[in-house]
Amino acid sequence: MDLFAEQRAEARRRVQPLAVRLRPRSFDEFVGQEHFVGPGRLLRRLLAADRLTSAILCGPAGCGKTTLAEIIAAHTRAAFVTLHAAEAGVKDVRAVLDAARERLLSGQRTVLFLDEIHRFNRAQQDVLLKDVEEGTLILIGATTENPFFAVNGPLLSRSQIFELNALTPEQLEVLLRRALADRERGLGALGATADDAALRLIARSAEGDARRALTALEVAVVSLSAETGSAAAPPHVTVEVAAESMQRKVVPYDATGDLHYDIASAFIKSMRGSDPDAALYWLARMLEGGEDPRFIARRIAICASEDVGNADPQAVILAAAALQVTLAVGVPECEYALAQATTYVACAPKSNAVTVAIGAARQDVREGLALPVPNHLRDRSYAGAARLGRGAGYQYPHNDPAGAPAQDYLGALRCYYNPTERGFEAQIAATLRRLREARGRPPTETGTD
């Protein structure tokens, strides 16, 4: 019997941050994620029937993944073991598996909560697979990453995926008010109060992260309490104090993760959609997140060709210049060239006619359209070509008064490139209509002989 266990527990509680002390102990206290933890929802039904299966909890930081795992531990009749993937290794996992097999002999199952499961590599995750598949172990993995990128496919196929959402400002306000009122685990014993506007500011600035919101409130209250040093003047959090307590958040960005691809996609689609303000915001997110500027410059160049094309031929030139400037000067100065190219491409007239054209031509080739080279276009530079009649009848364009003789260059009726009437491409369209009519081809539609 440990005579000092209670004292040690009390000492731990005193040093625990507010976000840890105030963690919900039941579903009734849990805030958010009603889509699967609300009354009658899937997770509640599984726990009520004691039929919990392996699960992956995925979602942003501070949305309740660890808290939810602890609530599950309180509801299940199985043994509950916790490991953190950043600290545990294969040896630790094997020890849990051995203990789980022993418990199963007496009829008790084991739940392993593996926090930050994405930190386990594929080989480490494979160690769990056999016991999860056989039901020896119930795995609950938590991750801030996209599980389809971070977790082995076989583990995913044997697990229920629960996607947690970032908390709304309204839900965060509920937690903040609870923290102010709770005398046992919160800040109620200090008599702390706060302006509604201050709580709204913290809730809005926390960006869905309950841990960040509660930490900011605790910083505000504790700093005020230390400053007054008197019970006669309980701390009161104003908007100014709340703003000071909200530390600048590290920009959430992972150059190899799911968010990387989502932001890059939003960046390109904003340029394509002619919204320079949105494009600049996503550009800033990438730059602040430490993205390789060469990656950004390449995305701009791709958009300039794919989505602007000949509607404004200057776009790809400016994008290429931005790439060269980025390679030459590096960060941070290259951001100006990237921003210039971003806004130019976003504001340029759009045409994907070139993209559609090369796609259609390649599709014909892939489907087996192997046209012979017309004889008058064949190479006649080698000895004997004249005897074979190669190149006979070729019309040199510069000898034609218009510079474009009405000769066949393909041997089949194909019109892949159909310019739009936007920007400079409208001039190209007018020229191309005239040339196609002179060659007896339809002005725009693709056809066959």
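Among contacts (heavy atoms within 4.5 Å) in the protein between residues at least 6 apart in sequence, 74% join residues at least 24 apart. The model is a predicted one, in which local features need pLDDT of at least 70 and side-chain atom pairs count only at pLDDT 80 or more, while totals for chains, interfaces and linings use all residues. Residues are numbered from 1 along each chain as its sequence is written, and side-chain values use heavy atoms, with hydrogens and water left out.

The secondary structure comprises 20 helices and 7 strands, taken as DSSP runs numbered from the N terminus (helices: H or I, at least four residues; strands: E, at least two). The radius of gyration, taken over C-alpha atoms, is 33 Å, well over the 22 Å that the globule rule gives for 449 residues, so the protein is more spread out than a compact globule. That rule is 2.2 Å times the number of residues to the power 0.38. The C-alpha trace spans about 110 × 60 × 40 Å along the principal axes. Of the 449 residues, 41% are buried, where buried means under 20% relative accessible area, exposed over 50% and partly exposed in between (1.4 Å probe, protein chains only).

Helix α5 (residues 65–75) has Lys65, Thr66, Thr67, Leu68, Ala69, Ile71 and Ile72 as its buried residues. These residues pack against the helices α3 (34–37) and α4 (42–48) and against the strands β1 (55–58), β2 (79–84), β3 (110–115) and β4 (137–143).

Two packed helices are described by the angle between their axes and the distance between the axes. Here the axes are lines fitted to C-alpha atoms, for helices over the stretch in contact, and angles run from 0 to 180 degrees between N-to-C directions. Angles under 35 degrees count as roughly parallel, over 145 as roughly antiparallel, 65 to 115 as roughly perpendicular and the rest as oblique.

The axes of helix α6 (residues 90–105) and helix α7 (residues 122–134) come within 10 Å and cross at roughly 10°, which makes α6 roughly parallel to α7. In this pair, Val90, Val93, Arg94, Leu97 and Arg101 of α6 meet Gln124, Val127, Leu128 and Asp131 of α7. The contact of α6 with α7 has 5 nonpolar, 1 polar and 3 charged residues; Ala, Val, Leu, Ile, Met, Phe, Trp, Tyr, Cys and Pro count as nonpolar, Asp, Glu, Lys and Arg as charged, and the others, Gly among them, as polar.

For helix α14 (residues 258–272) and helix α16 (residues 293–308), the axes come within 10 Å and cross at roughly 40°; α14 and α16 are therefore oblique to each other. On the α14 side, His260, Ala264, Phe267, Ile268, Met271 and Arg272 meet Phe295, Ile296, Arg299, Ile300, Cys303, Glu306 and Asp307 of α16. By class, 8 nonpolar, 1 polar and 4 charged residues form the contact of α14 with α16.

Most residues other than glycine have a negative phi, and most peptide bonds are trans. Gln33, in the loop between α2 (18–21) and α3, has a positive phi near 60° and is buried, with a relative accessible area of 5%. Ser274 has a positive phi of about 60°; this residue lies in the loop between α14 and α15 (276–288) and is partly exposed at 38%. A cis peptide bond, with omega about 0°, joins Val331 and Pro332, and Pro332 is placed in the loop between α17 (314–329) and α18 (334–347).
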